[in-house]
Amino acid sequence: MTTGFYWDERCFWHAGGNYAFTLPLGGLVQPLASGGLPENPETKRRLKNLLEVTGLISELDVRGAAPSGEGDLLRVHPREYIKNFKAMSDAGGGELGLRTPFAQGGFEAATLSAGLAQDALFNVLRGAHANAYALSRPPGHHCLPDFPNGFCLLANIAIAVQAARAAGLCERVAVLDWDVHHGNGTEAIFYEDPDVLTVSLHQERNYPLDTGDVAARGAGRGEGFNANIPLPPGAGHATYLAAMERIALPLIRAFKPDVIIVACGFDAAAIDPLSRMLATAETFRAMTAQVKALAEDICEGRLVAVHEGGYSEVYVPFCGHAVIAELAGSATVAVDPMAETLAARQPGARFEAYCDSHLEEMREALGA
């Protein structure tokens, strides 16, 4: 079986406006000549282009997908929210939440983005792919049921999970979110659900500012099935791999899921404009190798990565290529042009020791 790769050009046509970086226009905020939000199509389009230039795409099963249907959306989002989103989209666009502007057709782009994640998950669970990568846009992990935020308009992964469960394709799902920002939307949707383990590995107090603490473990029947691993700004390659090995992966192993889904953001990269971390393309490749080995050991290799954040147009393609090549078990390499520089920028021994003690405190608190 091959690795599935899901994408659609129409997702790249999703547009937001009236922003300069993350600030709404007005007052002293001047429009940017280069566009609006940092969430733009070029990071994703350039990733696909790099796959084509290296030839890796020829080793993948490349597919599109149908949009997620109304029934799929309603398992996660209230009918009134879907109705208002569709009406505003048809009327020319607007903004429903925080930092989520969209143009006409934004609703269709968002349902297609969710559909890519949904089909990727379904086909892995049905055995059509060994694993899969969904190049979803707009992203989804910040979207609450009735409040979109952080560039996310629909909860892509949650929609896919609930659709797969409704279809009887799986019962227990682990969602591992290594986007640099806390996966607050996915957490909120499954916070009381004991059959979905949510694990978020993120920069502490980056975004959102009021979520992502270690103490948030779930509620009701879902208590103990949410885990947050907030890392200090400046954490680099070694700390990310240690956090995976010592906390995230043991929690997933103990949970024994039917499938693992990675909320695959690349904004923990060292040159991303929305974070202060020091991950590299090799970090993302190595984390993929870690979680792939775990999936092969505990759930017959069933693993799906769904694209989330990452805002360096130059560097995201190298990070994504590393992940997809590792998923596919490919020897095709896109040589990281920043590797030597970023290796030299990794934290020193004193900071690594601090991070190590921080991880140990979290490991004990989370029972990993």
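Author: In this predicted model, the largest nonpolar core has 66 residues, and Tyr133, Trp178, Ile229 and Phe284 touch the most other members. Helix α8 (residues 237-255) supplies the largest share of this core, eleven residues. A second, separate core numbers 45 residues, among them Ala65, Ala114, Ala134 and Ala164.

Apart from its neighbours within four places in sequence, Phe284 is in contact with Trp178, Gly265, Phe266, Ala268, Ala269, Ala279, Cys319 and Val323.

The charged side chains form 20 salt bridges in the structure. Arg285 is partly exposed, at 28% relative accessibility.

A salt bridge also joins Asp195 to Arg172, with the closest N and O atoms 3.5 Å apart. Asp195 lies in the loop between α7 (184-189) and β9 (196-203), and Arg172 in the loop between α6 (156-166) and β8 (173-177), so parts 23 residues apart in sequence are tied together. Asp195 has a relative accessible area of 26% and is partly exposed; Arg172, at 25%, is partly exposed.

Within helix α2 (residues 41-54), Lys48 and Glu52 lie four residues apart, about one turn of the helix. Their side chains meet in a salt bridge (2.3 Å, N to O). Lys48 is buried at 9% relative accessibility, whereas Glu52 is partly exposed at 40%. Finally, a network of salt bridges links Arg246, Asp356, Glu360 and Arg363.

Notes: Residues numbered from 1 in each chain as written. Predicted model: local features only at pLDDT ≥ 70, side-chain atom pairs only at ≥ 80, totals over all residues. Heavy atoms only, no water. Core = buried A, V, L, I, M, F, W, Y, C linked by side-chain atoms within 4.5 Å. Buried < 20%, exposed > 50% of the residue type's maximum accessible area, 1.4 Å probe, protein only. Helix = DSSP H or I, 4+ residues; strand = E, 2+ residues; numbered from the N terminus. Contact = heavy atoms within 4.5 Å. Salt bridge = Lys/Arg side-chain N within 4 Å of Asp/Glu carboxyl O.
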